[in-house]
Amino acid sequence: MSSNRKVALVAGAAGVIGRNLVEHLETLDDWEVIGISRRGGDDTARTRQLRVDLLDREDTLSKLGELTEVTHVFYAAYADRPSWAELVPPNLAMLRNLVDAVEPAAADLKHISLMQGYKVYGAHLGPFKTPAREDDAAHMPPEFNVDQQAFLQQRQRASAWTWSALRPSVVCGFALGNPMNLAMVLACYAAISAELGLPLRFPGKPGAYDSLLEMTDAGLLARATVWAATAEACANQAFNINNGDLFRWSELWPKIAAYFGLEVAPPLPMSLETVMADKEPLWNSMVARLGLEPTPYDQVSSWRFGDFVFAWDYDVIADGSKARRFGFTEHVDTERMFFDIFDDLRKRKIIP
């Protein structure tokens with residue numbers, strides 16, 4: 001292998017983050033890509049897909065222990081669980097199993113990139129210090145993002161490779177069957193509202209409608225992830241990655257409604273997980289009548305994640321200036337990002 005040739009192992013390749021990362025790497029001439037996920041996927045000219053259960057240590061060691069060519073690991077895998085404490089054991093075990101398999105086999109391993117998020121700052125717990133910065137004080141555990149970083153830091157001390165940690169806000173892009181994809185929640189909620197002849201109501205907590213938020217475009221995150229993994233100055237550093245602009249739902253919601261040709265009614269707090277639980281027959285009829293892709297209802301949207309985000313009745317923002325100081329200066333207009341994703345979903349015939 002040429003000294004300039006790089007081989008990426010992308011864990012979580014079927015998710016919104018991993019999928020967009022794979023697509024970005026495929027545009028770069030000096031990368032080969034190996035994607036791994038529980039579901040697996042179809043190979044392309046530039047990417048080999050493997051079905052690997054990272055929670056199964058023997059399966060992981062067997063399949064990844066043969067990947068001697070890997071130079072960069074991009075870790076974006078995630079195992080969902082009902083509570084914060086329950087998230088720690090499986091998510092830490094998956095990362096440990098992967099590193100235990102790849103590190104001894106890949107003699108030219110240069111970097112391990114860890115995908116985190118604002119949970120590092122306690123954003124999921126309630127109002128937290130904003131704008132959050134990478135060197136903010138830690139919060140009371142449990143928190144698997146923190147434990148994963150501590151594992152890499154400890155492991156790296158005796159290793160030649162370096163690590164980086166990327167901390168995006170809510171990541172938006174195309175992916176089906178993903179537990180954390182807000183764009184799909186919005187698109188499906190709007191499509192079902194239109195089908196029922198209803199206006200688009202904000203379903204979150206009253207204070208959430210006017211809170212200050214930011215998003216992270218999946219394509220932007222992919223480019224930032226590769227940058228942090230290959231720039232020498234970024235070795236062993238964490239970076240907040242966001243679009244670079246701020247918004248309030250009270251300003252953006254009417255524009256989203258207008259995109260779907262809907263009126264806006266006053267917000268009404270409700271659990272999407274509850275009110276959308278009986279909508280599968282309606283969705284199936286929409287798919288058949290409108291000629292949409294036959295996507296299973298449980299794959300098109302994670303209503304629980306929508307409830308989680310729409311409950312933020314406090315500001316959820318982080319300082320992205322460290323990445324800019326280190327050299328990553330890209331930005332994305334959040335309003336345009338949502339509309340581009342909706343356009344893409346229509347083009348793919350996921351939504352009407």
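Lysine 349 is not a glycine, yet has a positive phi of about 60°. With a relative accessible area of 39%, lysine 349 is partly exposed (buried is under 20% relative accessible area, exposed is over 50%, and partly exposed is in between, with a 1.4 Å probe and protein chains only).

This is a predicted model, in which local features need pLDDT of at least 70 and side-chain atom pairs count only at pLDDT 80 or more, while totals for chains, interfaces and linings use all residues. Residues are numbered from 1 along each chain as its sequence is written, and side-chain values use heavy atoms, with hydrogens and water left out.

## Two domains

The chain is divided into domain 1 (6–171 + 217–241) and domain 2 (172–215 + 246–348); these bounds come from an automatic or database domain assignment. Taken over C-alpha atoms, the centres of domain 1 and domain 2 are 25 Å apart. Their contact (heavy atoms within 4.5 Å) takes 39 residues from domain 1 and 35 residues from domain 2.

## The sheet

An open sheet is formed by 7 strands in the order E3-E2-E1-E4-E5-E6-E9, with parallel pairing; two strands count as paired if DSSP finds at least two bridges between them. At the edges stand strand E3 (47–51) and strand E9 (237–241), each of which pairs on one side only. From one strand to the next the twist averages 20°. Axes are lines fitted to C-alpha atoms, for helices over the stretch in contact, and angles run from 0 to 180 degrees between N-to-C directions.

Helix H1 (residues 16–25) packs on the sheet and touches strand E1 (6–11), strand E2 (31–37), E3, E4 and E5. The direction of H1 makes about 165° with that of E1. Helix H3 (residues 84–105) lies across E1, E2, E4 and E5, and runs at about 170° to E4.

In E1, 6 of the 6 residues are buried, so the strand is largely enclosed by the rest of the structure. In a regular strand the side chains alternate between the two faces of the sheet. Lys6, Ala8 and Val10 point one way from E1, while Val7, Leu9 and Ala11 point the other way.

E1 and E2 run parallel and are joined by 6 bridges; valine 10 has glycine 35 in E2 as its bridge partner. The chain passes from E1 through H1 to E2 in a right-handed β-α-β crossover. A crossover is right-handed if, with the strands pointing away from the viewer, the path from the first strand over the helix to the second runs clockwise. E1 also pairs with E4 in the parallel sense, over 4 bridges, and alanine 8 stands opposite histidine 72 in E4.

## Strands E4 to E9

Strand E4 (residues 72–75) pairs with strand E5 (residues 111–115) in the parallel sense over 4 bridges, and tyrosine 75 has leucine 114 in E5 as its bridge partner. E9 is mostly covered, with 4 of its 5 residues buried.

## Nonpolar cores

A nonpolar core is a set of buried Ala, Val, Leu, Ile, Met, Phe, Trp, Tyr and Cys residues joined through side-chain atoms within 4.5 Å. The largest core has 79 residues, of which Leu182, Trp249, Phe310 and Phe342 touch the most other members. Helix H5 (residues 182–195) gives the largest share of this core, 11 residues. At least three residues of the core come from each of domain 1 and domain 2. Another core, of 32 residues, lies apart from it and has Val73, Ala77, Met94 and Trp163 among its members.

Leucine 182, not counting residues up to four places away in sequence, touches residues including Val170, Met215, Trp249 and Phe310. In helix H11 (residues 303–310), 6 of the 8 residues are buried, among them Phe305, Val309 and Phe310. The buried residues of H11 pack against strand E7 (170–172), H5, helix H7 (249–259), helix H8 (272–275) and helix H10 (297–300).

## Backbone exceptions

Most residues other than glycine have a negative phi, and most peptide bonds are trans. The bond from threonine 130 to proline 131 is cis, with omega near -5°, and the bond from proline 141 to proline 142 is cis, with omega near 15°. Proline 131 sits in the loop between E5 and helix H4 (144–156), and proline 142 is found in the loop between E5 and H4.

Asparagine 236 has a positive phi of about 60° although it is not a glycine. Asparagine 236 belongs to the loop between helix H6 (218–230) and E9, and is partly exposed, with a relative accessible area of 29%.

Methods. Helices (H or I, at least four residues) and strands (E, at least two) are DSSP runs, numbered from the N terminus.
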